[in-house]
Amino acid sequence: MESVGHWFTTVIMTVNDWVWSPALVALCLLAGLYFSLRTRFVQVRFFREMIRLLFAPQGKKNKGKEGGKKGVGISSFQAFAMALSGRVGTGNIVGVATAIGFGGPGAIVWMWVIAFFGAGSAFVEATLAQIYKENHNGQFRGGPAYYIEKGLRSPLMGCVFAVLAALACGVFLPPVQCNGIAMSCARSFGVEPGLIGLVVATLIGLVIIGGVKRIANVAQIVAPVMAVIYIVLSLVVLAVHWQLVPDVFWQMLRGAVGVNEVGGALLGTTIAWGVKRGIYSNEAGQGTGPIVAAAAKVSHPVKQGLVQAFSVYIDTLLVCTATAMMILACKTYNIVEVQQTAAGAEVTYLLQNPGAPEGEPGVFYTTGALGTVVGNDTGNMIISIALFFFAFTTIMAYYYYAETNLVYLFNRYRRRRLLHHPERLEMLEEADRVLGDDRGEKVVVWALRTGTIGAVFIGSLVGSGIVWKIGDIGVGAMAWINIVTILLLSPKAIRTLRDYEKQKKLGLEPQFDTHKLKIKHAEFWEKYNEENEGDV
């Protein structure tokens, strides 16, 4: 059995290396550069518009009217908060420390570069999600599976993406996040991991049984508040070490081009770790952000594209930078090389600071930095609380990603059945009218909710190594499919952006008209334009 387990682990690790190869990293970076050039750097030109849209109240035209039903969809800010919940997670604390430990201070600059170009990818995928969204039983549903089917006319690849997303986000990744919460809180507070898992599973259950509305209501409070509190904590740490702040920026800039204490030999590693952690952290192009973007109620797809691009900035330029600045200013980091040998991991120190913890890079760099101000025990507790909320909101986002893709799969299966049994259509439509949605879909969604709650609890009791890798394979495969898709569909997103710019120049509040832009198979917008004569 041990040999079988070793063989399985080896296979999973090998597949993970293939999926997350330098080719995917290069594809993400080049796609972001391409979208930035094609949109004429929309992430810079429309920065003020991003902020305006984020906090703009629903206008009289939009309120309760879109889709023909009052209360359909969530606000732009709620969609932003849900996306931020998925983007801001343990990677913002642990991942940044790892990037510094292996790539040096310069890795943070390359994370900024990825965030800048990644905002272009986030804009395109979120705009496409809005174009091809559906009004399904009073909720907007959309994302890569939908725009692959409708935009590329490929239901098969849409289903492949949906299966990957449902498994990765619904089965494999939630227990990993809960494991991180349980282990961190157990170390800091001495509480049994199983008890922490029970609490997290219960809280997650209370949120997800309320559907997208409750998830959005919780996310719009918890995600921004925790991000702000964490950034304020980092500013307090930096205020104590204010004399070192200018030198920290100088270290990052010099390290980014290979001019550092270690020497230019580290440059390739610096770029690789900065790019990789940046992609992991902000999720731009991976196909998760557009799932949330589609749920928003807007009068024009570009509005949500801009809001989602802004969420990438918040994740990397604020939260990740807050972690990096603390670690670098307090010098609680080492730069290391790790080689796996028969005896285990062998750590070689390229740069070792006196106050930094020994061993492989990790969360200890962050807790150590905070500990220089409030003490090590208090620092551990504060970081554990931050990890709790960041990981908790990430689990919420994962559940919604999985639910949307499971609903997509169920309804495509239902449509296929109706092709062979058209006589059942009248009966199913009556069930929809009486029950509000299909009974079979309710069973599927509740099965997912039960499975997610159970997976979260189990995650607190078992190790997460191989499960994390399996989840990573799913997310990496999603990224391959999604980036290729948005590259192929990008002309539609660019055309939609030009339409938005034109209407803004005329002093209008932009409204989306598929007929004018000659975009086909966007059934929601086509129907809506007909019902409202273009007045969204």
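This is a predicted model: local features need pLDDT of at least 70, side-chain atom pairs count only at pLDDT 80 or more; totals for chains, interfaces and linings use all residues.
Local features need pLDDT of at least 70 and side-chain atom pairs count only at pLDDT 80 or more, whereas totals for chains, interfaces and linings use all residues. Residues are numbered from 1 along each chain as its sequence is written, and side-chain values use heavy atoms, without hydrogens and water.

The whole structure was searched for disulfides (pairs of cysteine sulfur atoms within 2.5 Å). The search finds 0. For Cys-178, the closest cysteine sulfur is in Cys-185, 9.4 Å away and too far for a bond. Cys-185 is likewise in no disulfide, its nearest cysteine sulfur being that of Cys-178. Cys-178 is buried, at 0% relative accessible area. Cys-185 is also buried, at 9%. Buried means under 20% relative accessible area (1.4 Å probe, protein chains only).

The structure holds 1 cavity of 30 Å³ or more. A cavity is a set of points, on a 1 Å grid over the protein atoms alone, where a 1.4 Å probe fits but cannot get out; lining residues have an atom within 4 Å of a point. The largest cavity has a volume of about 70 Å³, volume being the space filled by probe spheres set on the points.

α7 gives the most, with 4. The lining includes Cys-28, Phe-117, Asn-282 and Ile-483. By class, the lining has 8 nonpolar, 4 polar and no charged residues. Ala, Val, Leu, Ile, Met, Phe, Trp, Tyr, Cys and Pro count as nonpolar, Asp, Glu, Lys and Arg as charged, and the others as polar.

Terms used: Buried means under 20% relative accessible area, exposed over 50%, partly exposed in between (1.4 Å probe, protein chains only). On a 1 Å grid over the protein atoms alone, a cavity is a set of points where a 1.4 Å probe fits but cannot get out, and a pocket is an open set with protein on both sides within 12 Å along at least five of seven lines; lining residues have an atom within 4 Å of a point. Helices (H or I, at least four residues) and strands (E, at least two) are DSSP runs, numbered from the N terminus.
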